[in-house]
Amino acid sequence: LIDYPNKLCATLFTGGCNFRCPYCHNPELVPINRDEKLPDITGDEILKFLKERKGFLDGITICGGEPTIHSYLPDFVKLVKKEGFLVKLDTNGTNPGMLKKIEVDYIAMDIKGSLKRYNEVSGVKVDTDFIKKSVDFIMESGIDYEFRTTVFPDFFNKEDAEEIAKWVKGAKRYVLQKPTVVKTLDGNIKNAKVYSDAELRELADILPNCSIR
């Protein structure tokens, strides 16, 4: 009820991510190479699940991990859409080439922070040219979308919000996400300071068409 705005969806998690964000709340999905693989669910199983729910589900949300590290994704999305379902994609924006190939109905792209802090927030070295290309494509594509940022004071402040607001000026929808600290990639983050609702509202007022989730 919450992953796809105004739609009822099933959520599909892909394993593996090219980021190491310390506050990631799906840490079991992050490692690309692991000693114990996550259990695989075949495409046929997923399609069977969806076909049995036609008329009930509006679509699916594909998240992770980072879905766009998987080369099969565009073909899989075509199969889902052929069955009449909408597809929403959650992505970190590191693969603009795939975004241009994949036929989705909604894109939610995580903007980790201001460009100068991307390496710090994502936990890896990031080519921010790819991030900028993804943002430009999404805003010009005609696909429904949102940009979103999970906000911790250690990684996101007023100056970051002001820089991002200039970067994505005119964005249709921006969401500030309250952090979830039940489980995180970096266990120490559970003790980190978080913003109050009033502080979050002040940050949201800086960003274009911004709400808090």
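**Reading helix, rings and charges**

Mentor: K51 is partly exposed, with a relative accessible area of 44%. Please keep in mind that this is a predicted model. We shall return to K51 when we discuss salt bridges.

Trainee: Let us begin with the helix, then. Which residues of helix α1 are buried?

Mentor: The general idea comes before the case. An α-helix has 3.6 residues a turn, so residues three or four places apart point the same way. In this structure, helix α1 spans residues 43-51, and its buried residues are I46, L47 and L50. These residues lie on the same side of α1, because the arc they cover around the axis is only 95°.

Trainee: Which exposed residues does the face turned away from the buried side of α1 carry?

Mentor: That face carries D44 and K48.

Trainee: What covers the buried residues of α1?

Mentor: The cover includes strand β1 (9-13), strand β2 (59-63) and helix α2 (73-82).

Trainee: I turn now to the rings. How many aromatic pairs does a search of the whole structure find?

Mentor: The search finds five. One of them joins Y4 and Y106, whose ring centres are 5.7 Å apart and whose planes stand at 55°, a tilted arrangement. Y4 belongs to the segment before β1 and Y106 to strand β4 (residues 106-110), so that this pair links parts of the chain 102 residues apart.

Trainee: Why do Y4 and Y106 count as buried?

Mentor: The general idea is a cut-off: a residue is buried if its relative accessible area is under 20%. Y4 counts as buried because its relative accessibility is 4%, and Y106 counts as buried because its value is 2%.

A second tilted pair is formed by Y23 and F155, with ring centres 6.0 Å apart and planes at 55°. The two are 132 residues apart: Y23 lies in the loop between β1 and α1, and F155 in the loop between β5 (144-150) and α6 (158-167). Both Y23 and F155 are buried. Ring pairs also link Y23, F152 and F155 into a cluster.

Trainee: Which residue lies over the face of F49?

Mentor: The residue is R53, at 3.6 Å from the ring centre.

Trainee: To what number does the count of salt bridges come?

Mentor: The count comes to 21. In each case, one looks for a side-chain nitrogen of Lys or Arg within 4 Å of a carboxyl oxygen of Asp or Glu. K183 and E28 meet in this way, at 3.0 Å from N to O. Their bridge links distant parts of the chain, 155 residues apart, with K183 in the loop between β6 (174-177) and α7 (197-204) and E28 in the loop between β1 and α1.

Trainee: And with which residue does K51 form a salt bridge?

Mentor: The partner of K51 is E83, and their closest N and O atoms are 3.8 Å apart. K51 lies in helix α1 and E83 in the loop between α2 and β3 (86-91), so the bridge ties together parts 32 residues apart in sequence. E83 is partly exposed, with a relative accessible area of 23%.

A further bridge joins R201 and D205, at 3.3 Å from N to O. Here R201 is partly exposed, at 35%, whereas D205 is exposed, at 57%.

Trainee: Which residues do salt bridges that share partners join into one network?

Mentor: The network consists of K88, D90, D110, K112 and R148.

Notes
Residues are numbered from 1 along each chain as its sequence is written. This is a predicted model: local features need pLDDT of at least 70, side-chain atom pairs count only at pLDDT 80 or more; totals for chains, interfaces and linings use all residues. Side-chain values use heavy atoms; hydrogens and water are left out. Buried means under 20% relative accessible area, exposed over 50%, partly exposed in between (1.4 Å probe, protein chains only). Helices (H or I, at least four residues) and strands (E, at least two) are DSSP runs, numbered from the N terminus. The arc is that of the directions from the helix axis to the C-beta atoms. Contact means heavy atoms within 4.5 Å. Rings of Phe, Tyr and Trp (its six-membered ring) pair if their centres lie within 6.5 Å; planes under 30 degrees apart count as stacked, over 60 as edge-to-face and the rest as tilted. A charge sits over a ring if NZ of Lys or CZ of Arg is within 6 Å of the ring centre and within 35 degrees of the ring normal.
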